[in-house]
Amino acid sequence: MKIVEHFLTRNRCYQAAKQNTKGGLMLHSVGCPQPSAQVFVNSWNSADKSVCVHAFIDANTGDVYQTLPWEYRGRHCGSGPNGSGNNTHIGVEMCEPACIRYTGGARFTCSNVEEARAAVRRTYESAVQLFAELCERFRLDPLTDGVILSHEEGHKRGIASNHGDPVHLWNQLNMGYTMDGFRKAIKAAMGSPVAPSVTQITGAAQATADQMRAYVKAKNPAVAQSVIDMIPLYLSEGATEGIRGDLAFAQSCLETGNFTFKGSAVTLDQNNFCGMGVTSNGMKGNSFDTPQNGIRAQIQHLKAYANTEPLVNPVIDPRFKYVSRGCAPCVEWLGIQENPHGKGWAAGAGYGGKILTILTAITGTQAAAPEPASPFPVVPFLVRVIIPDLNIRTSPGSADNSNLSGKYTGIGTFTIVEISGSWGLLKSYREKRNGWIYLGNPNYCEICS
């Protein structure tokens, strides 16, 4: 946040130099489609102007234009039966997007919703930082009743005129912002005594694919080979969108029980490794045709929470449109209970903290020595069985023949969906994972090119 000092020295409020008690802060929005703070600075710096706020927040840049000393009494909210907030509250106006048009009262139309949301998000985030700084300077607790108010709330308390800002703007653009969330965000941004460090979702991965493989193998020795094979996709898909792929993998470990899928609402064959679409008990969630698409959708969903940047790849996340963009820039805010906006990926307490615990364990894992390259293609792939009596086994391995199913493939072409050593899982047995054939003898079968 950048503060540009531009006092309106010709304005009557500045000339009067009356003091306010600095008992609180009041948030406004300008009520017209003008994103530039400089326009208001130029217009209001006049001897015939008797109304004045303490600052404007530019919607194009997020910069704060301070127009009065914070201690001066402004005229920004009018009055009511219980007095005037001008005597007690510092007033800050957020500029509004150029692409809206008011149609009557607080109602408006919008010609470019994404542009409007980006502008509103900039002003909101700067307002949080500015109010946090002012609360620290004047020893105000933003969660104390009456300290942080909107113009609308000031009216309800009888200390301001009848306006609906700024919540009318947030609601009609579906920003997901509330004044309660705003107050919590200010409290979280305050640096007293020490601002807590957070882990950003946006950024480059710190763990390697080898560390991720070693971690999940240690936690789940029976992990499917297809899971091991897809781990690099977390890093490549994450790098494409600028999202930490190692963090997404840690989230998948949490959601799937380290890919055991025990107690999970999703199964391996859904290619849904993050519980996407499981919005209530008993729901199975979304499915994707390939592991890559499942991971891509997860990365896109994390990006929706993390920032407001456009996607690089076409959207395949079916729930992308439901996210209030940028409402959880750090892992700690992915849990609804810990998010100051009341938004988030999951409702359970400490959700983000659980992901970070796994991520810390992954980054501290000693990577295993590289394994020999698999002689088989990436699944799924086709094999041609050339003998009529190739055994189908209920599990990989043939140490004592106790896993013989009593069935044979017959001669033909079959799809392999998972590899374990030299054994391949047949597609038709994928659900129960109880149909394996031996791929290591070229006299039995051959890989289709």
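This is a predicted model: local features need pLDDT of at least 70, side-chain atom pairs count only at pLDDT 80 or more; totals for chains, interfaces and linings use all residues.

Arginine 384 has threonine 413 as its bridge partner in strand S12. Valine 383, for its part, is bridged to isoleucine 447 in strand S15.

| Strand pair | Partner residues | Sense | Bridges |
|---|---|---|---|
| S9 and S12 | 412-420 | antiparallel | 5 bridges |
| S9 and S15 | 445-447 | antiparallel | 3 bridges |

Serine 252 belongs to helix H9, which spans residues 245-256. Its relative accessible area is 0%, and serine 252 is therefore buried. The side chain of serine 252 forms a polar contact of 2.8 Å with the side chain of tyrosine 234; when neighbours within four places in sequence are left aside, the residues in contact with serine 252 are Tyr234, Phe259, Phe273 and Gln298.

Is glutamate 153, in turn, buried or exposed? Its relative accessibility is 19%, so glutamate 153 counts as buried, given that the cut-off for buried is under 20%. Glutamate 153 is placed in helix H4 (residues 151-156) and, apart from neighbours within four places in sequence, is in contact with Ile148, Met179 and Arg183. Between glutamate 153 and serine 36 the C-alpha to C-alpha distance is 25 Å, with a separation of 117 residues in sequence.

Key
Residues are numbered from 1 along each chain as its sequence is written. Side-chain values use heavy atoms; hydrogens and water are left out. Helices (H or I, at least four residues) and strands (E, at least two) are DSSP runs, numbered from the N terminus. Buried means under 20% relative accessible area, exposed over 50%, partly exposed in between (1.4 Å probe, protein chains only). Contact means heavy atoms within 4.5 Å. A polar contact is a pair of N or O atoms within 3.5 Å; within protein, one must be able to donate a hydrogen and the other to accept it, and residues adjacent in sequence count only if both atoms are side-chain atoms. Two strands pair if DSSP finds at least two bridges between them.
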